[in-house]
Amino acid sequence: MPDAPDGVTLALLSRDDVPALLDDLCDVYADAYGVVPGEDPTVKSAAFRKRAVRALDAPHYAQVAAKVGGQLVGFAFGYSLRQGATWWDGLEPEPPAGFLDETGSRTAVLAELEVRRAWQGKGIGRALHDTFLTHREEQRATLATGPQADTARSRYVRWGWQEAGKAPGAPGDYFPYYVLYVRQLPLIDRR
(Lines give C-alpha, C1' and ligand atoms only; values in the text may rest on other atoms or scores of the structure.)
Protein backbone atom coordinates (compact mmCIF):
# COMPACT_ATOMS: atom_id res chain seq x y z
CA MET A 1 0.00 0.00 0.00
CA PRO A 2 1.38 3.48 -0.80
CA ASP A 3 2.69 5.44 2.15
CA ALA A 4 0.31 7.73 4.01
CA PRO A 5 1.41 11.11 5.37
CA ASP A 6 2.52 11.09 9.01
CA GLY A 7 -0.36 10.59 11.43
CA VAL A 8 -2.77 9.45 8.71
CA THR A 9 -4.15 5.93 8.65
CA LEU A 10 -5.42 4.50 5.36
CA ALA A 11 -7.88 1.62 5.32
CA LEU A 12 -9.35 -0.35 2.43
CA LEU A 13 -13.10 -0.77 2.91
CA SER A 14 -15.68 -2.98 1.26
CA ARG A 15 -19.24 -2.07 0.35
CA ASP A 16 -20.41 -3.63 3.64
CA ASP A 17 -18.36 -1.10 5.65
CA VAL A 18 -19.83 1.98 3.97
CA PRO A 19 -23.44 2.31 5.25
CA ALA A 20 -22.21 2.97 8.80
CA LEU A 21 -19.91 5.72 7.44
CA LEU A 22 -22.38 7.41 5.09
CA ASP A 23 -23.03 10.47 7.29
CA ASP A 24 -19.28 10.95 7.80
CA LEU A 25 -18.69 10.65 4.05
CA CYS A 26 -21.31 13.34 3.42
CA ASP A 27 -19.67 15.59 6.02
CA VAL A 28 -16.24 15.19 4.40
CA TYR A 29 -17.73 15.83 0.96
CA ALA A 30 -19.50 19.02 2.12
CA ASP A 31 -16.38 20.26 3.90
CA ALA A 32 -14.15 19.52 0.89
CA TYR A 33 -16.27 21.73 -1.35
CA GLY A 34 -17.10 24.43 1.17
CA VAL A 35 -19.88 26.92 0.68
CA VAL A 36 -20.32 28.35 -2.80
CA PRO A 37 -22.03 31.80 -2.78
CA GLY A 38 -25.59 31.58 -4.06
CA GLU A 39 -25.67 27.80 -3.87
CA ASP A 40 -27.78 25.70 -1.52
CA PRO A 41 -25.22 23.29 -0.01
CA THR A 42 -27.91 20.76 0.86
CA VAL A 43 -28.62 20.18 -2.86
CA LYS A 44 -25.04 19.19 -3.68
CA SER A 45 -24.75 17.10 -0.50
CA ALA A 46 -28.04 15.28 -1.20
CA ALA A 47 -26.87 14.54 -4.76
CA PHE A 48 -23.60 13.16 -3.38
CA ARG A 49 -25.46 10.91 -0.92
CA LYS A 50 -27.53 9.46 -3.79
CA ARG A 51 -24.38 8.84 -5.88
CA ALA A 52 -22.59 7.26 -2.93
CA VAL A 53 -25.47 4.88 -2.18
CA ARG A 54 -25.98 4.03 -5.88
CA ALA A 55 -22.25 3.28 -6.25
CA LEU A 56 -22.52 0.52 -3.65
CA ASP A 57 -24.41 -1.59 -6.21
CA ALA A 58 -21.68 -1.24 -8.83
CA PRO A 59 -19.38 -4.17 -9.60
CA HIS A 60 -16.05 -4.38 -7.77
CA TYR A 61 -16.85 -1.44 -5.49
CA ALA A 62 -14.00 -0.43 -3.18
CA GLN A 63 -13.25 2.50 -0.89
CA VAL A 64 -10.16 3.86 0.81
CA ALA A 65 -10.62 5.92 3.97
CA ALA A 66 -8.09 8.31 5.51
CA LYS A 67 -8.37 8.91 9.24
CA VAL A 68 -6.47 11.03 11.73
CA GLY A 69 -7.05 10.18 15.37
CA GLY A 70 -10.18 8.25 14.45
CA GLN A 71 -11.71 11.16 12.46
CA LEU A 72 -12.44 10.62 8.76
CA VAL A 73 -10.48 13.29 6.89
CA GLY A 74 -10.73 11.93 3.35
CA PHE A 75 -11.87 9.09 1.14
CA ALA A 76 -11.80 7.71 -2.37
CA PHE A 77 -14.19 5.22 -3.87
CA GLY A 78 -14.94 3.64 -7.18
CA TYR A 79 -15.94 0.54 -9.09
CA SER A 80 -15.73 -1.21 -12.46
CA LEU A 81 -17.66 0.02 -15.47
CA ARG A 82 -20.27 -2.53 -16.51
CA GLN A 83 -20.41 -3.94 -20.01
CA GLY A 84 -22.50 -1.48 -22.03
CA ALA A 85 -21.97 1.34 -19.52
CA THR A 86 -23.07 4.81 -20.61
CA TRP A 87 -19.99 6.50 -19.10
CA TRP A 88 -18.46 7.29 -22.51
CA ASP A 89 -21.73 8.21 -24.30
CA GLY A 90 -21.33 11.37 -26.36
CA LEU A 91 -17.57 11.58 -25.82
CA GLU A 92 -15.99 14.27 -28.01
CA PRO A 93 -13.69 14.15 -29.81
CA GLU A 94 -14.51 10.75 -31.25
CA PRO A 95 -12.11 8.23 -29.64
CA PRO A 96 -10.20 5.54 -31.55
CA ALA A 97 -11.94 2.27 -32.44
CA GLY A 98 -12.36 -0.01 -29.42
CA PHE A 99 -11.82 2.74 -26.85
CA LEU A 100 -15.47 2.70 -25.76
CA ASP A 101 -15.71 -1.09 -25.42
CA GLU A 102 -16.40 -2.14 -21.84
CA THR A 103 -16.25 -5.74 -20.65
CA GLY A 104 -17.19 -5.31 -17.01
CA SER A 105 -13.57 -5.63 -15.97
CA ARG A 106 -11.71 -3.31 -18.36
CA THR A 107 -12.12 0.09 -16.67
CA ALA A 108 -12.15 1.24 -13.05
CA VAL A 109 -13.92 4.50 -12.23
CA LEU A 110 -12.38 6.68 -9.54
CA ALA A 111 -15.80 8.11 -8.71
CA GLU A 112 -14.92 10.29 -5.73
CA LEU A 113 -11.72 11.61 -4.16
CA GLU A 114 -12.42 14.02 -1.30
CA VAL A 115 -10.32 15.52 1.51
CA ARG A 116 -11.48 17.91 4.22
CA ARG A 117 -10.23 21.44 3.48
CA ALA A 118 -8.10 21.62 6.65
CA TRP A 119 -6.24 18.50 5.48
CA GLN A 120 -5.80 19.43 1.81
CA GLY A 121 -2.28 20.00 0.54
CA LYS A 122 -0.75 17.44 2.91
CA GLY A 123 -0.51 14.48 0.51
CA ILE A 124 -3.68 12.74 1.68
CA GLY A 125 -5.45 13.04 -1.67
CA ARG A 126 -2.46 11.54 -3.49
CA ALA A 127 -2.21 8.71 -0.94
CA LEU A 128 -5.94 7.92 -1.34
CA HIS A 129 -5.63 8.08 -5.14
CA ASP A 130 -2.58 5.82 -5.27
CA THR A 131 -3.96 3.33 -2.77
CA PHE A 132 -7.25 3.01 -4.64
CA LEU A 133 -5.57 2.56 -8.04
CA THR A 134 -2.83 0.24 -6.78
CA HIS A 135 -5.49 -2.24 -5.68
CA ARG A 136 -7.43 -2.30 -8.96
CA GLU A 137 -7.21 -5.21 -11.39
CA GLU A 138 -8.68 -3.45 -14.44
CA GLN A 139 -6.60 -2.45 -17.49
CA ARG A 140 -7.28 1.25 -17.13
CA ALA A 141 -8.99 3.81 -14.93
CA THR A 142 -11.16 6.82 -15.62
CA LEU A 143 -12.47 9.83 -13.73
CA ALA A 144 -14.54 12.91 -14.49
CA THR A 145 -14.25 16.55 -13.49
CA GLY A 146 -16.65 19.43 -13.83
CA PRO A 147 -16.00 22.09 -16.46
CA GLN A 148 -14.58 24.63 -13.96
CA ALA A 149 -12.29 22.24 -12.04
CA ASP A 150 -9.00 23.68 -13.32
CA THR A 151 -7.03 22.96 -10.14
CA ALA A 152 -8.20 19.34 -9.98
CA ARG A 153 -7.52 18.82 -13.68
CA SER A 154 -3.94 20.10 -13.44
CA ARG A 155 -3.37 17.83 -10.43
CA TYR A 156 -4.69 14.80 -12.28
CA VAL A 157 -2.46 15.52 -15.27
CA ARG A 158 0.56 15.72 -12.91
CA TRP A 159 -0.54 12.35 -11.50
CA GLY A 160 -0.46 10.70 -14.93
CA TRP A 161 -4.03 11.11 -16.22
CA GLN A 162 -4.70 11.97 -19.86
CA GLU A 163 -7.76 13.86 -21.05
CA ALA A 164 -10.05 11.60 -23.09
CA GLY A 165 -12.52 14.36 -24.03
CA LYS A 166 -15.81 15.85 -22.93
CA ALA A 167 -19.10 14.04 -22.42
CA PRO A 168 -22.53 15.58 -21.81
CA GLY A 169 -24.07 15.29 -18.38
CA ALA A 170 -27.25 13.29 -17.97
CA PRO A 171 -30.56 15.05 -17.22
CA GLY A 172 -30.45 16.26 -13.63
CA ASP A 173 -26.64 16.14 -13.38
CA TYR A 174 -24.85 18.94 -11.59
CA PHE A 175 -22.91 20.00 -14.71
CA PRO A 176 -24.00 20.20 -18.37
CA TYR A 177 -20.82 18.34 -19.39
CA TYR A 178 -17.84 16.61 -17.80
CA VAL A 179 -14.18 16.33 -18.75
CA LEU A 180 -13.21 12.65 -18.76
CA TYR A 181 -9.73 11.34 -18.07
CA VAL A 182 -8.09 7.96 -18.50
CA ARG A 183 -4.87 6.29 -17.36
CA GLN A 184 -3.45 2.84 -17.81
CA LEU A 185 -3.18 0.38 -14.93
CA PRO A 186 -1.56 -1.09 -12.99
CA LEU A 187 -0.43 1.92 -11.08
CA ILE A 188 3.10 1.31 -9.95
CA ASP A 189 3.56 1.90 -6.22
CA ARG A 190 5.78 5.00 -5.81
CA ARG A 191 7.78 3.56 -2.88
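Buried means under 20% relative accessible area, exposed means over 50%, and partly exposed lies in between (1.4 Å probe, protein chains only). The model is predicted: local features need pLDDT of at least 70, side-chain atom pairs count only at pLDDT 80 or more, and totals for chains, interfaces and linings use all residues. Residues are numbered from 1 along each chain as its sequence is written, and side-chain values use heavy atoms, with hydrogens and water left out.

**Exercise 1.** Determine which residues of helix α4 are buried, and explain how they are arranged around the axis.

*Solution.* Helices (H or I, at least four residues) and strands (E, at least two) are DSSP runs, numbered from the N terminus.
Step 1. In α4, residues 150–158, the buried residues are A152, R153 and Y156.
Step 2. Because these residues cover an arc of only 100 degrees around the axis (taken from the directions from the helix axis to the C-beta atoms), they lie on the same side of α4.
Step 3. D150, T151 and R158 are exposed on the other side of α4.
Step 4. The cover over the buried residues of α4 includes β4 (107–115), β5 (140–145) and β7.

**Exercise 2.** Describe the largest nonpolar core.

*Solution.* Such a core is a set of buried Ala, Val, Leu, Ile, Met, Phe, Trp, Tyr and Cys residues joined through side-chain atoms within 4.5 Å.
Step 1. This core has 29 residues, of which L25, F48, F77 and W88 touch the most other members.
Step 2. Elements that each supply at least two residues include α1 (22–33) and α2 (41–55).
Step 3. The largest share, five residues, comes from α1.

Conventions. Contact = heavy atoms within 4.5 Å.
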